[in-house]
Amino acid sequence: MFNFKVGDICRIDNPIQRRHGREFEILGFMYDKDDEHFPPIAMKVRYLDTNRKGTYDCSFDSLVVIG
């Protein structure tokens with residue numbers, strides 16, 4: 001089940017990923033063909049360590065909500 005919301009602070013908790021340990025704030029969600037009936041395919045994020053905006057489209061299973 002997808003239980004993330006805009007404004008959540010998440011940490012990437014997967015040592016296989018290059019971005020392991022980075023934290024970001026969720027700014028919004030990206031859906032496939034604007035269909036909000038299915039889970040989003042990516043998130044619009046702002047990384048807290050660099051204050052840069054970007055997208056996160058890897059596995060959502062490796063995210064831990066910390067705030």
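1. Salt bridges come to four in this predicted model, where a salt bridge means a side-chain nitrogen of Lys or Arg within 4 Å of a carboxyl oxygen of Asp or Glu. As you know, side chains of opposite charge can pair when their charged atoms come close.

2. Take Arg46 and Glu25: their closest N and O atoms are 2.7 Å apart. Arg46 belongs to strand β3 and Glu25 to strand β2, so this pair ties together parts that are 21 residues apart in sequence. Arg46 is partly exposed, at 21% relative accessible area; the classes are buried under 20%, exposed over 50% and partly exposed in between, with a 1.4 Å probe and protein chains only.

3. Arg22 and Asp49 also form a salt bridge, at 3.1 Å from N to O. Arg22 sits in the loop between β1 (9–12) and β2 (23–30), and Asp49 in the loop between β3 (42–47) and β4 (53–56), so the pair ties together parts that are 27 residues apart in sequence. Arg22 is partly exposed at 24% relative accessibility, whereas Asp49 is exposed at 54%.

4. The pair Asp8 and Lys5 has its closest N and O atoms 3.7 Å apart.

5. On charge overall, the protein chain carries 10 positive and 11 negative side chains, and the centres of the two sets lie 7 Å apart. Lys and Arg count as positive and Asp and Glu as negative, leaving out His and the chain ends; each charge is placed at NZ of Lys, CZ of Arg, CG of Asp or CD of Glu.

6. Now the fold: the protein chain has five strands and zero helices, running β-β-β-β-β from the N terminus. Both element types are DSSP runs numbered from the N terminus, with helices (H or I) of at least four residues and strands (E) of at least two.

7. Among contacts (heavy atoms within 4.5 Å) between residues at least 6 apart in sequence, 38% join residues at least 24 apart. The C-alpha atoms fill a box of roughly 30 × 25 × 20 Å along the principal axes.

8. A word on conventions: residues are numbered from 1 along each chain as its sequence is written, and side-chain values use heavy atoms, without hydrogens or water. Local features need pLDDT of at least 70 and side-chain atom pairs count only at pLDDT 80 or more, while totals for chains, interfaces and linings use all residues.
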